[in-house]
Amino acid sequence: MAAALNFLGAIYSTGVAKTIGGDIVASAEMVDEHIIIGAGLAGVSFAHTLEKNGKTFCLLSDHSQVASLIAGGVYNPVVLKRFTPVWRSEDIMKSANRFYDEIEAKMQCQFRIPIHVVRKFASVEEQNNWFTASDNPLLAPYLSPVILPALNEALPAPFGLGEVLHTARLNVQHYITESIKRWQAEGVCYEKTFVYDDLEVYDTHVVYCGVSAQNIIFCEGCGIAKNPYFSKLPMRPCKGETLTISAPHLQLQHIYKSDGVLIPLGDDKYILGATYDPEDLTEVITEAARTELLEKLRKMTNVPYEVLSHQAAIRPTVADRRPLLGQHPQHSHLWVFNGLGTRGVLNAPYCAEVLYAAAFEEIEIPHEMNINRFAKRFRH
């Protein structure tokens, strides 16, 4: 066990770390300090939520989980396969808009790019289903009642397109990178691998490498499989692969959903995605996925293109497709924030607010996202 803390930013009653010979030494007095493990969408969003509420923290990550960093970042409250609202759509959209507005103002950076999503219809029946869905009060603000024609000759759409309004793309990499950069400069974010055996868990607090903290929050994505406290939770990880392409003739100004998805990045570059593979849980890119994605592209357009890069990551999805939030049933100072799945950009702010309310305001986490729905797993 390390006697002194030489990498974690300090969070003591003075708000200033005590440094001796370059090492930060733990204070005997503990205040509202928290250790966050993981710097993906969950960890970074919870850190911002703590910061907003005047709580102190340090964030530790070795960047072994990269799903957030290669995410397309689509900000869309509609399931376009079935024309239904996403889970808790009204709550998560309000929370996400408020959260990212505040973060952009605080950091004086723009992380969201306003851009509408269009869905290519495959039949007249799909058009009719779209109109029916637009009568749903939860969907009416987002589903345009006007059927758009093909955007251009490069993207034929004989049955037209449905347009989703009030959508955007979050530049996830920019959001995470800029947040980490600022916290590193402030001495509260460190690139280190967390060692579970070095965590000391007590009835009143936890200690890690010489630092006492009120709570530790695990935001590890698929890395939770190695966590001895939360590994029994029913994760169902899924591999996703995407391509980044250059296609100057597409001239696409919308996120385009058909068999696949095209997400404009600017400068005639696009993300083409994504595959879903629950069997191969390596982060190795595959020729099979490349072939699948390019076949989706062929069905959308026949313009020339160049593949610039190929990415793969493991998404932290859950068996019942709901987040995993909550407090360990035996160790009250251990918390988990995981399972954001394919809509992490939308889910992260809302889940961060819910977890904060549970930890500091004693507001119970709704059952559908509370880990206590799997309480039996902790008894074995």
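**Exercise 1. Which element gives the largest share of the lining of the largest cavity?**

Solution. Before counting, some ground rules. The model is predicted, so to speak of local features a pLDDT of at least 70 is needed, side-chain atom pairs count only at pLDDT 80 or more, and totals for chains, interfaces and linings use all residues. Residues are numbered from 1 along each chain as its sequence is written, and side-chain values use heavy atoms, with hydrogens and water left out.

Step 1: find the cavity. On a 1 Å grid over the protein atoms alone, a cavity is a set of points where a 1.4 Å probe fits but cannot get out, and lining residues have an atom within 4 Å of a point. Grid points are joined across faces, edges and corners, and the volume is the space filled by probe spheres set on the points. With this rule you get one cavity of 30 Å³ or more, and the largest cavity holds about 30 Å³.

Step 2: list the lining. His34, Phe46, Asn215, Ile217, Trp335, Leu355, Ala359 and Phe360 line the largest cavity. Strand 16 (215-218) and helix 6 are the elements giving two or more residues to that lining. Helices (H or I, at least four residues) and strands (E, at least two) are DSSP runs, numbered from the N terminus.

Step 3: Helix 6 gives the largest share, three residues.

Step 4: sort by class. Ala, Val, Leu, Ile, Met, Phe, Trp, Tyr, Cys and Pro count as nonpolar, Asp, Glu, Lys and Arg as charged, and the others, Gly among them, as polar. The lining then has six nonpolar, two polar and no charged residues.

**Exercise 2. Work out how Phe46 and Phe337 pair, then look at the other rings.**

Solution. Step 1: set the rule. Rings of Phe, Tyr and Trp (its six-membered ring) pair if their centres lie within 6.5 Å; planes under 30 degrees apart are stacked, over 60 edge-to-face, and the rest tilted. That gives 16 aromatic pairs.

Step 1: apply the rule. The ring centres of Phe46 and Phe337 are 6.3 Å apart and the planes stand at 90°, so this pair is edge-to-face. Phe46 sits in helix 1 and Phe337 in strand 23 (residues 334-338), so the pair ties together parts 291 residues apart in sequence.

Step 2: check burial. Buried means under 20% relative accessible area, exposed over 50%, and partly exposed in between (1.4 Å probe, protein chains only). Phe46 is buried at 2%, and Phe337 is buried at 1%.

Step 3: move on to Phe99 and Tyr100. This pair is also edge-to-face, with 5.2 Å centre to centre and 85° between the planes, and both residues are buried. Ring pairs join Phe99 and Tyr100 with Tyr75, Phe111 and Tyr175 in a cluster.

**Exercise 3. Check the length of helix 4 and find what its buried residues pack against.**

Solution. Step 1: the expected span of a helix is 1.5 Å times one less than its number of residues.

Step 1: pick out the buried residues: Val172, Tyr175, Ile176, Glu178, Ser179, Ile180 and Trp183.

Step 2: find their partners. These buried residues pack against helix 1 (41-52), strand 4 (56-61), helix 2 (89-107), strand 11 (168-170), strand 12 (189-191) and helix 6 (344-361).

Step 3: look just past the end of helix 4, where Gly187 has a positive phi of about 80°.

**Exercise 4. Which backbone values stand out at Ala274, Asp267 and Arg321?**

Solution. Step 1: recall the background. Most residues other than glycine have a negative phi, and most peptide bonds are trans.

Step 1: go to the Gly273 to Ala274 peptide bond, which is cis, with omega near -20°. Ala274 is in the loop between strand 20 (269-273) and helix 5 (287-300).

Step 2: take Asp267, not a glycine, yet with a positive phi of about 55°. Asp267 lies in the loop between strand 19 (261-266) and strand 20, and is exposed at 72% relative accessible area.

Step 3: finish with Arg321, whose phi is positive, near 60°. Arg321 is placed in the loop between strand 21 (306-315) and strand 22 (324-327), and counts as exposed at 71% relative accessibility.

Note on methods
Contact = heavy atoms within 4.5 Å. 1 Å grid on protein atoms, 1.4 Å probe; cavity = no way out; pocket = protein on both sides within 12 Å on 5 of 7 lines; lining within 4 Å.
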